[in-house]
Amino acid sequence: MMQSSSVIICLAYILGLLMTAVPWGGVGILVLGILAAVLFRASYMNLRKFVQKREKSLTKTKGSANTLQTTPHPRVWLIAGLVGLLATLYFQLRMPQPGEKDISQFISGENNSNQEQLVIVRGEVASNPRLTRSQRGQFWLEATQLDEVKNDKGPASVPKGVTGKLYVTVPILQATGLYPSQQIAVTGMLYKPKAASNPGAFDFQKYLKQEGTFAGLIGKQINLIDENRKWGWWQVREKIVRSQVRWLGVPEGPLVSAMVLGSKTVDLPYDIRDLFVKVGLAHALAASGFQTSLILGVILQLTRRTKKVTQIIFGSLGLITFLCLAGFQAAVLRAVIMGFAALVGLALERKVQQLGSLLLAATLLLLFNPLWIWDLGFQLSFLATLGLVVTATPITKRLDWLPPAIASLISVPLAATIWTLPLLLQVFSVVAVYSVPLNIITTPLISVISIGGMVSSLTSLILPDVGSTLASFLYYPTHWLIQLAEFFVNLPGSSVAVGSISTWQMLVIYGLIISTWLLRWWQRRWWFAGLITIILIIIPVWHSTSNLLRITLLATDTEPVLVIQDRGKVTLINSGDEGTGRFTILPFLQQQGVNKIDSAIASNFLGNQNDAWLEVLQSLPIKNFYAYASQPNNNNIETQAIQQKLQKYEGIYQPLGLGQIVNTSSSISQFMNEKLPILRLQVFGQNWLLVGSVKSQQIEQLMKTGDLSRPQVLWCPSESLQDLVVALKPQVAIATANNLDSKTLSALSLEKTKLFFTGSDGAIQWTPKDEFEAFIQVTENKASSL
């Protein structure tokens, strides 16, 4: 068992890393350490005098001596404060920064991109290729040399020696057959990743920075330099996956492999990955404690008649092999360290305190890489394990009226959910309603698949045909698992968006959970803590949505997409392409706690035939769907699919003619002309005009005929911005990209129009209080205040 002084110092180190999110957080921990040393010094000295008096009077008691030994010395609090301060400095020291020769330093051009210039990057493949959602191959490349290309024929300058890791995407056929440690040359275009441009969107720049990467490469062609294969653990993984897919097929085969090796090392289809995340079974795809427990349990059981040294050796080999196969991920390392702690306890014939080994594992991992403190996988793995250690047993005891096996099935997923849900709400804003009952039902299937998958994996390394045969027996359990997940995801209310909770809400909820764990008063009133938690989540969201008046123009590359929030009523205008629906609209609505769309207007503004309405309808019901006649006719397959989806939610599909007015609860819309892409909106007393590629003379003609009035807000393409601003003189003008020359910008500055560019400013939001704000500017202001 870890001594109290060690626990305090470990916790101070972890707290110091967490306080990197707060200005001068390390100094605050040092001050707390000093205050604790001063406050506890008097009580420590009094206890010491009491023990000494007992010893002199020959009435020494074992309890008082033990209390003195377990009570930390005041200097421990000082050391803990200093450790917390050093942790913040260590975090900053380990923060990835591009070096002088990092390939990102050679990206030039507007907006830090080199999209116009072809380059050839030589380097070593650092990962197995994976399939992206856009059906391109993706892999990591350790860059060593950079050449510029002239006219696609040859180098235009002397090759430069470079360093750094690249995020590379190429056509899928180009990535086929690549393997780690292979030397290749990729022809393509370099770019610097962008931060999130919309609320709730994925921050690609932050993700790459956590991986120590500061540039990406859109590849067109790959040339092999070295075709000699070097041995690596990837070959073992490939052999296992190939053996299991052979008879199981797809998706059952990759799913079994992912449940054994983890989804990060197996190219699992995205539809299965998304399905398991939606229903709360994502943990089944993460290689961590469940697999290590199975490995150790099986090995120790098989070697129970041998010497203890033999058990420890085989157990260690099993853990190391699993680590090499699953990869050096934070969650896997945490599980393996705790597995080794169990082996140490076996060697010393002492019972291992799981809480102490968990704290030790977390400290060691964060010493190795302090940046993992903000890695979501590490956080969820730590919290889920903590829940199993400290909460599963109390829940099982309260369910003593049930058979032990059933009580355990209920307590394990419930304990993990209690400790991970607040963090998941802050990050994803969505609750998987049936997560706990589904986990209870599927635990036997997951256990059978995992054990069977491990047996078939080991067998396939020696006898691939036998391994494939053994894996084939897992088809029905795996197929049933997928069907159960699909059944639950299609149930009414399977997922509920509650909106992103704030940091203070999350901290208060975790304070209640910790109090229920440690304090007897709260343990007796656990239901009260649960009630407060529900109130903390629901009341702020309800108050915000019921009083919110806001217009959000999302940053998109295609047609303008507007979300109007009017005291709980939501109107969505346009949907963009499929990627816009999945990565922009849905994350934003989830963050806002939106579970239905009251009105949707499809104007087919720029003639885009790849609208994302089906993508939106798969996640959110739409009550009223309005589509102008410029949309595909009613016989179109996509239109029929939209109507079928609407009928499922009892929604109404209303085709409209050009010029027809749509009057929703929060806006009045009119698609004006068949020849000109102009959509007029009246929202909260403001006139918005969304204009496609038109000439200023055409706009002037419409104004002269009285068909068009001067708008307060104008959206238009960048190339039409100057002419339209001069002609319409709006109060606010919004364009997609700021690709205008300095002369044009100077001319526009003479107008009294406020300009926004979604390409650089991100989403533009309007509220009655703050008027117009740019999302990126607001985010930067919040970050600078920290």
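Predicted model: local features only at pLDDT ≥ 70, side-chain atom pairs only at ≥ 80, totals over all residues.

Author: Of its 786 residues, 47% count as buried. Take the contacts with a separation of 6 or more: residues 24 or more positions apart account for 67% of them. The accessible surface comes to about 39700 Å², and 60% of that belongs to carbon and sulfur atoms.

Now the rings. Searching the whole structure turns up 21 aromatic pairs. One of them joins Phe487 and Phe488: the ring centres are 5.6 Å apart and the planes sit at 90 degrees, so this pair is edge-to-face. Phe488 has 10% relative accessibility, and because the cut-off for buried is under 20%, Phe488 counts as buried.

Phe625 and Tyr653 pair up in another way. Their ring centres are 5.6 Å apart and their planes are at 15 degrees, so call this pair stacked. Phe625 belongs to strand 15 (residues 622-628) and Tyr653 to strand 16 (residues 652-656), so the pair ties together parts that are 28 residues apart in sequence. Both partners are worth checking for burial. Phe625 is buried, at a relative accessible area of 1%, and Tyr653, at 17% relative accessibility, counts as buried too.

There's also an aromatic cluster to look at, made up of Trp140, Tyr167, Phe202, Phe204 and Tyr207. Elsewhere, Arg273 lies over the face of Tyr270, with 5.1 Å to the ring centre.

In soluble globular proteins, nonpolar side chains tend to be buried together. Here the largest nonpolar core has 59 residues, and the ones touching the most other members are Leu255, Phe276, Leu281, Leu366 and Leu481. Helix 8 gives this core its largest share, six residues. Zoom in on Leu281: setting aside neighbours within four places in sequence, Leu281 is in contact with Phe276, Leu438, Asn439, Thr442, Ile446, Leu481 and Ala485. A second, separate core has 25 residues, including Val570, Ile585, Leu620 and Phe625. That's the Phe625 from the stacked pair with Tyr653.

The buried residues of helix 10 are Gly289, Gln291, Thr292, Leu294, Ile295, Leu296 and Ile299. An α-helix has 3.6 residues a turn, so residues three or four places apart point the same way. What do the buried residues of helix 10 pack against? They pack against helix 8 (252-261), helix 11 (308-326), helix 12 (330-348) and helix 17 (435-462).

Trp542 lies in helix 22 (residues 526-547). Its relative accessible area is 55%, and because exposed means over 50%, Trp542 counts as exposed. Arg567 is 25 residues from Trp542 along the chain, and their C-alpha atoms are separated by 9.9 Å.

Methods. Residues numbered from 1 in each chain as written. Heavy atoms only, no water. Phe/Tyr/Trp six-rings, centres within 6.5 Å; stacked < 30°, edge-to-face > 60°. Buried < 20%, exposed > 50% of the residue type's maximum accessible area, 1.4 Å probe, protein only. Helix = DSSP H or I, 4+ residues; strand = E, 2+ residues; numbered from the N terminus. Lys NZ or Arg CZ within 6 Å of the ring centre and 35° of its normal. Contact = heavy atoms within 4.5 Å. Areas by Shrake-Rupley, 256 points an atom, 1.4 Å probe, with all protein chains shown as cover. Core = buried A, V, L, I, M, F, W, Y, C linked by side-chain atoms within 4.5 Å.
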